[in-house]
Amino acid sequence: MELRDFGNTGLRVSALGFGAMHLNDLRTSESEASRLLNEVLDLGVNLIDTARGYGLSEERIGRHIAHRRDDYVLSTKVGYGIPGIPDWTYHCIIAGVDAALARMCCEVIDIVHLHSCPLHMLERGEVTGALQDCQRAGKLRVVAYAGDNEELAFALGSGAFGSLQTSVSVCDQLNLQRNLGAAQAQGIGVIAKRPIAGAVWRHPQRPGDFAEGQYWDRWQAMGLGGLLAGQDAGEIALRFTAHLDGVASSIVGTSKLAHFKQNLAAVAKGPLPIEQQQALRQSFVRRDVDWRGVI
């Protein structure tokens with residue numbers, strides 16, 4: 001598994017990361033969760049990404065791979081959900097980091113993101129300051145932001161974050177034009193979320209989920225069904241995102257090891273041919289001014 005520098009943080013992360021959201025599925029037993037997490041690490045993947053909002057995910061990471069803590073870069077997200085403490089406040093961030101440390105049975109978390117923090121709270125600076133205080137206390141290594149749109153632009157311009165996690169896919173290329181270059185120039189590590197755009201090509205009708213619905217609309221408008229006819233759309237989409245300049249790692253979530261291995265094999269094939277990459281870029285750019293809604 002290819003390892004890449006994570007901006008100027010001193011960390012190195014695998015080109016494909018494991019998104020642990022699906023560990024919250026109660027249909028996945030503890031033994032299955034343990035096998036999945038450990039085999040992901042055995043495959044050479046070293047970025048494990050979770051969040052407070054992913055329910056059982058943090059607890060299962062603590063239960064099943066805390067003993068292998070040196071084998072992975074641990075990423076989580078905070079900002080909400082602490083009983084008795086208002087969301088997006090200084091004390092909520094501090095308590096969220098402490099709770100994550102306890103849940104995941106570790107002494108330090110490598111990357112902690114503000115998880116889609118509203119713009120007005122970012123502008124106040126209180127929550128960012130809380131993460132910085134946790135960093136000074138040795139509870140975390142990298143102060144990070146996860147989100148999109150105006151909030152991402154503010155986080156990028158603030159100079160306060162060493163890592164950003166944001167949407168990048170064939171159906172969501174706005175960050176390619178606006179933010180990846182600036183992040184790379186500042187030495188910020190970038191994690192691409194939703195790199196396969198919810199696999200919207202699998203849906204015969206428009207999905208009800210907001211983001212996937214937007215991606216489905218864009219897939220149709222970009223004519224990607226025709227452009228990728230006869231090809232493995234999932235492989236093409238993942239290779240497109242995973243090998244973009246400025247993307248350190250792309251996270252894919254699944255509860256099935258076989259699916260993850262397929263994604264790993266796709267990334268291992270390397271970048272798309274330049275002509276195909278340019279065609280996918282152009283299919284987005286030519287409609288960029290017409291996109292409606294934010295994701």
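What is the volume of the largest cavity? The largest cavity has a volume of about 40 Å³. A cavity is found on a 1 Å grid over the protein atoms alone, as a set of points where a 1.4 Å probe fits but cannot get out. A volume is the space filled by probe spheres set on the points, which are joined across faces, edges and corners.

This is a predicted model, in which local features need pLDDT of at least 70 and side-chain atom pairs count only at pLDDT 80 or more, while totals for chains, interfaces and linings use all residues. Residues are numbered from 1 along each chain as its sequence is written, and side-chain values use heavy atoms, with hydrogens and water left out.

Strands of a sheet pair through backbone hydrogen bonds, either parallel or antiparallel. In this structure, eight strands form a closed barrel in the order β3-β4-β5-β6-β7-β8-β9-β10, with parallel pairing. Neighbouring strands of this sheet are turned by 30 degrees against each other on average, direction ignored. Strands (E, at least two residues) and helices (H or I, at least four residues) are DSSP runs, numbered from the N terminus; two strands pair if DSSP finds at least two bridges between them.

Strand β3 (residues 16-19) and strand β10 (residues 249-253) run parallel and are joined by four bridges. Within this pairing, Gly-17 stands opposite Ile-251 in β10. Helix α12 (residues 257-268) packs on the sheet and touches both β3 and β10, and its direction makes about 160 degrees with that of β3. Contact means heavy atoms within 4.5 Å. Axes are lines fitted to C-alpha atoms, for helices over the stretch in contact, and angles run from 0 to 180 degrees between N-to-C directions.

Rolling a probe the size of a water molecule over the atoms shows where empty space is left. The structure holds two cavities of 30 Å³ or more. Lining residues have an atom within 4 Å of a point.

| Space | Volume | Residue classes in the lining |
|---|---|---|
| Largest cavity | about 40 Å³ | five nonpolar, three polar, no charged |
| Second largest cavity | about 30 Å³ | four nonpolar, five polar, no charged |
| Largest pocket | about 1200 Å³ | 15 nonpolar, 13 polar, 11 charged |

Ala, Val, Leu, Ile, Met, Phe, Trp, Tyr, Cys and Pro count as nonpolar, Asp, Glu, Lys and Arg as charged, and the others, Gly among them, as polar.

The lining of the largest cavity includes Leu-152, Leu-164, Asn-175 and Val-190. β8 (163-167) and α8 (180-185) each supply at least two residues of this lining. Residues lining the second largest cavity include Phe-18, Gly-19, His-22 and Ser-255.

A pocket is an open set of points with protein on both sides within 12 Å along at least five of seven lines. Of the 39 residues that line the largest pocket, the closest to its centre are His-22, Ile-196, Gly-198, Val-252 and Gly-253. Helix α12 gives the most to this lining, with five residues.

**Aromatic pairs and backbone angles**

The structure holds four aromatic pairs. One of them joins Trp-201 and Trp-219, which are tilted, with 5.1 Å centre to centre and 40 degrees between the planes. Rings of Phe, Tyr and Trp (its six-membered ring) pair if their centres lie within 6.5 Å; planes under 30 degrees apart count as stacked, over 60 as edge-to-face and the rest as tilted. Trp-201 is in the loop between β9 (189-193) and α9, whereas Trp-219 is in helix α9, 18 residues apart.

Arg-194 also lies in the loop between β9 and α9, and its phi is near 50 degrees, a positive value in a residue other than glycine.
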